[in-house]
Amino acid sequence: MSEPEDNWQDLIAVADLEPNDATPVDHGKRALAVFDTTDGITVSDARCPHAGADLCDGYFDGTHIECPLHQGLFDARTGAACAAPATRPLRMITSRVVDGMVQIRI
Ligand code: FES
């Protein structure tokens, strides 16, 4: 069953992303991270689920984001926690790209 089109909201133009990096985007009161991964664009909460650091300040290698505070590691394509002290996954936001615009499903 597909979702109605009005559940999708524009987030940021692909042209405005940091190429091959993590771009911070505020969506209402929510801080999001948009990752330009080697496998496509993904979106997650920007706050690290370990202790809340801003993941957009971390090191991104095209697939994984390293938290700048305690160096927890996450797969930015799936949200999986890959290295301690990160144990809980990133909260990923369903996203897509339409006509050069990153959209998220609300
Ligand atoms: S705040 Fe990210 S690993 Fe601790």
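In what order do the elements of the protein chain run from the N terminus on? And with that settled, what does Val 43 contact, leaving aside its neighbours within four places in sequence?

Mentor: This is a predicted model. From the N terminus on, the order is β-β-β-β-β-β-β-β-β-β-β, that is, 11 strands and 0 helices.

The overall dimensions come next. The C-alpha trace spans about 40 × 25 × 25 Å along its principal axes. The radius of gyration is 13 Å, which agrees with the value near 13 Å for a compact globule of 106 residues. Of those 106 residues, 25% count as buried. Among contacts with a separation of 6 or more, 40% are between residues 24 or more positions apart.

Now the part you asked about. Strand 4 covers residues 40-45 and is joined by 6 bridges to strand 3, the two running antiparallel. Strand 3 and strand 4 make a hairpin, with 2 residues between them. Within this pairing, Ala 33 has Ser 44 as its bridge partner in strand 4. Strand 4 also pairs with strand 9, residues 92-93, in the antiparallel sense over 2 bridges. There Val 43 stands opposite Ile 93.

Ile 93 is also one of the contacts of Val 43. Val 43 belongs to the largest nonpolar core, which has 20 residues. The residues with the most contacts inside that core are Val 43 together with Ala 22, Ala 33, Val 34, Phe 35, Leu 55 and Ile 65. Strand 3, residues 30-37, and strand 11 each supply at least two residues of this core. Strand 3 gives the most, with 4 residues.

Strand 10 is joined by 4 bridges to strand 11, residues 101-105, and the two run antiparallel. Arg 96 stands opposite Gln 103 in strand 11.

Notes:
Residues numbered from 1 in each chain as written. Predicted model: local features only at pLDDT ≥ 70, side-chain atom pairs only at ≥ 80, totals over all residues. Rg over C-alpha atoms; globule rule 2.2 N^0.38 Å. Buried ≥ 20, exposed ≤ 12 C-beta atoms within 10 Å, placed from the backbone. Contact = placed C-beta atoms within 7 Å. Pairing = 2+ DSSP bridges. Core = buried A, V, L, I, M, F, W, Y, C linked by C-beta atoms within 7 Å.
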